[in-house]
Amino acid sequence: MSVLPARRRAALLVALVAAWVAGSALGAIQPARRASAAPLFQLEPAHAEYVPVLDGTKPIYILIIGSDARPDQAVESQRADSIHILSINPAEHRAAIVGIPRDSYVEIPGVGQNKINTALFYGGPDLVVQTVEQLTDLKMDYWAMTGFASFEQMVDDVDGLVVDVPFAMNDEASRAFFDPGVQRLDGDNALAFARNRHDLPAGDFGRSENQGRLMVAALAQLKKEFNKDPARMLIWAASFVRNGTTTLALDEVLDLAFTGTAVNANKVENVVFPGGTAMVGGLSVVTLNQETLQKISKDLADDGLLRKANVPPSPNEPLLGG
Amino acid sequence: MTPNRVQRGSSKKRRVPLALLIVPVVLVAIGVAILLALRGGEGGAIIGGGDEPPPPFDFIVKPATAVPTAPDADEAALSANAERVAQEITPIIDDLYTNAYLDPSNWRHDDYEEVFTAFAPDAAATAEQSLETLTLGATAGDVFDTVDPGKSKLSYQVLLDPDGEPDTAVVSVIFRATAERKNGTYLAIVSEGEFFLGQIDGQEEGWKITAFDVKREDHETHPPSPSASTSASPSA
């Protein structure tokens with residue numbers, strides 16, 4: 001390896017530094033040509049979403065009570081025309097609805113044997129909750145209640161409910177006059193649909209199933225509207241709080257509403273505790289099938305869901321065409 | 001007599017003139033000074049912190065809508081509360097979009113950390129995974145020269161609790177900007193969606209985004225007319 005003389009090495013160093021400086025300065029004076037090969041960065045339509053759904057493994061049980069209070073009556077001190085357990089499995093984003101016929105003859109704590117709908121009259125929604133808990137061994141996390149007028153208003157606030165009416169109805173008493181098929185029911189008609197029992201083969205059993213059908217329709221509609229316009233969630237939540245009475249705090253209502261948007265309404269099991277009718281002390285009552293009641297209750301206690309094997313036949317089956 | 005290593009070294013040192021060591025240093029200093037003088041204002045940060053500030057930007061805000069939960073609410077009072085919430089939240093959304101799309105010191109360096117401070121912890125985790133949708137993008141600095149904000153709008157719906165106090169706000173956003181690529185073409189940036197905001201327990205910073213649903217629908221566009229917007233780049 002040859003060794004350059006020191007002067008020549010120093011001169012070379014100076015030349016290299018000078019070249020670097022000149023090159024840099026030139027580069028600054030003449031900006032780099034536009035990068036014609038730069039990526040175009042054309043984004044495809046993209047979507048980002050975060051919905052704070054509940055995801056716990058513990059099922060949530062909500063007792064939904066429909067009071068038969070008329071507009072001038074207090075909803076808490078009348079009878080419960082409809083009683084449903086809404087069971088939610090947050091982790092699986094699934095739910096089940098179990099109707100309890102209003103005339104079910106059960107033990108009411110502190111009252112004795114009576115129709116379950118009288119529990120509301122004797123002790124308000126808390127006594128209804130106690131009665132249902134005793135009946136099913138399921139611990140209710142919350143209850144929510146509406147009356148006739150508030151139910152109608154709730155439906156009207158969300159511009160009606162789109163319901164697939166399963167069969168023709170023609171009942172003067174409830175003013176339920178419907179052709180079968182998908183239709184939007186306003187508050188008045190939704191209430192009529194919920195109250196009709198006279199032209200149903202199983203009377204109150206079938207009515208209870210139809211009330212559950214309205215809840216499933218509401219769930220499907222909430223999801224659809226939320227997907228189209230998330231701000232609709234506020235309208236639904238506000239209407240629920242404004243027209244209902246509930247132990248749910250506003251934030252819990254929103255949490256459940258968000259969770260509801262993740263639930264596939266088509267997969268919600270909507271059942272009614274089966275039973276028969278009997279006369280007790282001159283009263284026409286419903287005697288629940290204890291074996292099925294136990295089976296359904298135990299199934300719900302597990303994960304909040306109802307297995308197909310434990311789903312009883314629809315009380316409206318004769319009208320459903322199979 | 002052959003000089004030993006020490007003697008050779010000392011004799012060589014003496015032969016290098018001091019000027020030959022100083023000249024390169026001076027030349028380097030001059031070169032750096034020329035570079036700084038010529039490129040300093042153009043956004044090419046040579047020695048840290050040389051990015052230009054973000055362009056001034058404010059959303060156009062529509063009147064807020066109150067969503068009451070009390071049956072007999074005083075509508076005037078509720079509307080006033082809803083407007084107050086809109087005034088509190090608007091700077092948060094202004095900052096969110098400025099940090100996500102307009103501030104060159106963010107998009108040139110793929111540094112969007114400030115964006116996610118607007119989100120509640122649970123929502124922030126998902127937002128960070130959606131960086132390409134919620135910001136100009138990780139590689140924006142390689143692609144774009146400038147980003148100019150366009151006409152952008154906010155509208156509010158505010159859910160008030162039974163006492164009339166604000167609980168949750170939904171902000172509907174339409175954000176538009178025009179980005180000039182380094183190859184001289186232009187991209188219209190469009191971000192549209194909804195943000196849910198709540199006041200998170202234990203956090204004193206105020207309103208945070210708790211849920212969101214945002215779409216990006218960018219498309220090719222033409223250079224903006226000179227009066228159409230405010231440039232993000234003083235040299236553009």
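His93(A) counts as partly exposed because its relative accessibility is 26%; buried means under 20% relative accessible area, exposed over 50%, and partly exposed in between, with a 1.4 Å probe and protein chains only. The model is predicted, so that local features need pLDDT of at least 70 and side-chain atom pairs count only at pLDDT 80 or more, while totals for chains, interfaces and linings use all residues. Residues are numbered from 1 along each chain as its sequence is written, chains are lettered from A and ligands numbered from 1 in the order in which they are written, and side-chain values use heavy atoms, without hydrogens and water.

Most residues other than glycine have a negative phi. His93(A), although not a glycine, has a positive phi of about 55 degrees. His93(A) sits in the loop between strand S3 (80-89) and strand S4 (94-100) of chain A. Helices (H or I, at least four residues) and strands (E, at least two) are DSSP runs, numbered from the N terminus. Asp159(A) also has a positive phi, near 65 degrees, and is placed in the loop between helix H3 (148-157) and strand S8 (161-165) of chain A.

Chain B contains 7 helices and 8 strands. Of its 236 residues, 44% are buried. A contact means heavy atoms within 4.5 Å; among the contacts in chain B with a separation of 6 or more, 65% join residues 24 or more positions apart.

Rolling a probe the size of a water molecule over the atoms shows where empty space is left. On a 1 Å grid over the protein atoms alone, a cavity is a set of points where a 1.4 Å probe fits but cannot get out, and lining residues have an atom within 4 Å of a point. Grid points are joined across faces, edges and corners, and a volume is the space filled by probe spheres set on the points. The whole structure has 3 cavities of 30 Å³ or more.

The largest cavity has a volume of about 1,100 Å³. It is lined by 44 residues, of which Ile64(A), Met154(A), Met215(A), Ala218(A) and Phe240(A) are the closest to its centre. Helix H5 (residues 204-228) of chain A supplies the largest share of this lining, 7 residues.

The second largest cavity holds about 50 Å³ of space. Its lining includes Leu96(B), Tyr97(B) and Phe195(B), and helix H3 (residues 75-102) of chain B gives the most to that lining, with 4 residues.

Notes
1 Å grid on protein atoms, 1.4 Å probe; cavity = no way out; pocket = protein on both sides within 12 Å on 5 of 7 lines; lining within 4 Å.
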